[in-house]
Amino acid sequence: MSDKKLETIVSTDTMREERVPPGQRETHAWPVLHYGDVPKFDRARWDFRVFGEVEKPFKVNFDEFLALPRIQVKCDIHCVTTWSKLGMLWEGVPAKYVMERAGVKPSAKYVLAHCEQGFTANLPMENFVEPDVICALKADGQELSPDHGYPLRLLVPKLYFWKSAKWLRGLEFLTKDQAGFWEQNGYHMRGDPWTEERYRTY
Ligand SMILES: Nc1nc2c(c(=O)[nH]1)N[C@H]1C(S)=C(S)[C@@H](COP(=O)(O)O)O[C@H]1N2
Ligand SMILES: [Mo]
C-alpha cells in the first residue's frame, strides 16, 4: 500500500503563527523518555483491546491491526521537559475508527491508554476525538524504533507528549477520570501545552 494514497490530516496547531508553546524550545533531535525498560515485542501474544464504555468491545491480533485503515498526520510534538519537535509526519489508525468500531457510548467522558508493563495515560474524551489522534505505527516514514514505542503508540499531538503512550496495547473508555502513571506522579490530568498544564494542582 503506497503512502501516497493515505489521507493526510494537518494538525491545527501547525497552522498557528507561533508554533512553539510557552516555556518550550525547538529541538531537531528526537529525545527518548520513559520510565522503566523498553519492552520486548512478542508478535504471537500481542493484542490490542478496546473496552469499557462501549457497545462492542473488540480485540485484534497484530496482523489484524496492521490491516486496519490508516491515515497520516502532520503535527508538532511538545514534551513537558521543554523540547518541541516541529513538522513530523506520522501514520496510524485513526481514533475515529476505533470509536466507530467499538460503538463508544455517550457516557464515555475519558480515555485510559493501556500499555506494556502496566503503564497507563489518561485524557479527556474531547481531546481524544480530535481528527489528529491516531494509534501510530510509523513516524517520519519509518516503523517506530523500539525506544519510541514499537510496534504501536498513541499519538495525541495537541497535548504534552507524555499522553502519547508508547507500547500501546489497549484503550479503555471511562465515565470518570482515572489518573494514569505520570498523572499519579504529579502531571496534569489534561496537559494542554498552550496553557502550560504541566502539573496537577489538586
Ligand atoms: N509506555 C510508556 N509510554 C510513555 C512513557 C512511559 O514512561 N511509558 N513516557 C511518556 C513521556 S513522559 C514522554 S515525554 C514520551 C516520550 O516519547 P519519545 O521517547 O518517543 O520521545 O513518551 C511518553 N510515553
Ligand atoms: Mo515526558
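Which residues does Leu171 touch, not counting residues up to four places away in sequence? They are Phe48, Arg49, Val50, Phe51, Val98, Val111, Leu112, Ala113, Phe128, Cys135 and Leu154. Contact here means heavy atoms within 4.5 Å.

Some ground rules. This is a predicted model, where local features need pLDDT of at least 70, side-chain atom pairs count only at pLDDT 80 or more, and totals for chains, interfaces and linings use all residues. Residues are numbered from 1 along each chain as its sequence is written, chains are lettered from A and ligands numbered from 1 in the order in which they are written, and side-chain values use heavy atoms, with hydrogens and water left out.

Back to the core. Leu171 belongs to the largest nonpolar core, which has 34 residues. A nonpolar core is a set of buried Ala, Val, Leu, Ile, Met, Phe, Trp, Tyr and Cys residues joined through side-chain atoms within 4.5 Å. Buried means under 20% relative accessible area, exposed means over 50%, and partly exposed is in between, with a 1.4 Å probe and protein chains only. Phe48, Phe65, Phe128, Leu154, Leu168, Leu171 and Phe173 touch the most other members. Helix H2, residues 95-102, gives the most to this core, with 4 residues. Helices (H or I, at least four residues) and strands (E, at least two) are DSSP runs, numbered from the N terminus. There is also a second, separate core of 15 residues. Its members include Ile71, Met88, Ala136 and Ala139.

Now strand S3. Asp47 counts as buried, at 18% relative accessibility. Arg49 counts as partly exposed, at 39%. Leaving aside neighbours within four places in sequence, Arg49 is in contact with Phe58, Lys59, Arg169, Gly170 and Leu171. With residues up to four places away likewise not counted, Asp47 touches Lys59, Val60, Asn61 and Arg169.

Next, Cys75. Look in strand S5, residues 71-78. Cys75 is buried, with a relative accessible area of 0%. Beyond four places in sequence, Cys75 touches Ser11, Thr14, Leu86, Gly87, Met88, Trp90, Leu155 and Pro157. Asp42 is 33 residues from Cys75 along the chain, and their C-alpha atoms are separated by 30 Å.

On to the aromatics. A pair of aromatic rings is described by the distance of the centres and the angle of the planes. Rings of Phe, Tyr and Trp (its six-membered ring) pair if their centres lie within 6.5 Å; planes under 30 degrees apart count as stacked, over 60 as edge-to-face and the rest as tilted. The whole structure holds 17 aromatic pairs. Take Tyr35 and Phe181: the ring centres are 4.9 Å apart and the planes are at 35°, so the pair is tilted. Tyr35 lies in the loop between strand S2 (25-26) and strand S3 (47-52), and Phe181 in helix H4 (residues 181-184), so this pair ties together parts 146 residues apart in sequence. Tyr35 counts as exposed, at 56% relative accessibility. Phe181 counts as partly exposed, at 21%. Tyr160 and Trp162 have ring centres 5.7 Å apart and planes at 15°, so that pair is stacked. Both Tyr160 and Trp162 are buried. Tyr35, Phe119, Tyr160, Trp162, Phe181, Trp182, Tyr187 and Tyr199 form one aromatic cluster.

Which residues are closest to ligand 1? Pro31, Tyr35, His148, Arg153 and Lys166, out of 19 that surround it. A residue is near a molecule if one of its heavy atoms lies within 4 Å of it. A backbone N or O atom of Pro31 lies 2.7 Å from an oxygen atom of ligand 1. For a backbone N or O atom of Tyr35, the distance to a ligand 1 oxygen atom is 2.8 Å. An N or O atom in the side chain of Lys166 is 2.5 Å from an oxygen atom of ligand 1.

Last, the backbone. Most residues other than glycine have a negative phi, and most peptide bonds are trans. A cis peptide bond joins Tyr150 and Pro151, with omega about 5°. Pro151 lies in the loop between strand S10 (142-143) and strand S11 (153-155). Thr82 has a positive phi of about 95°. Thr82 is partly exposed, with a relative accessible area of 24%. Gln117 also has a positive phi, near 60°. Gln117 sits in the loop between strand S7 (110-115) and strand S8 (120-124), and is exposed at 56%.

Conventions:
A polar contact is a pair of N or O atoms within 3.5 Å; within protein, one must be able to donate a hydrogen and the other to accept it, and residues adjacent in sequence count only if both atoms are side-chain atoms.
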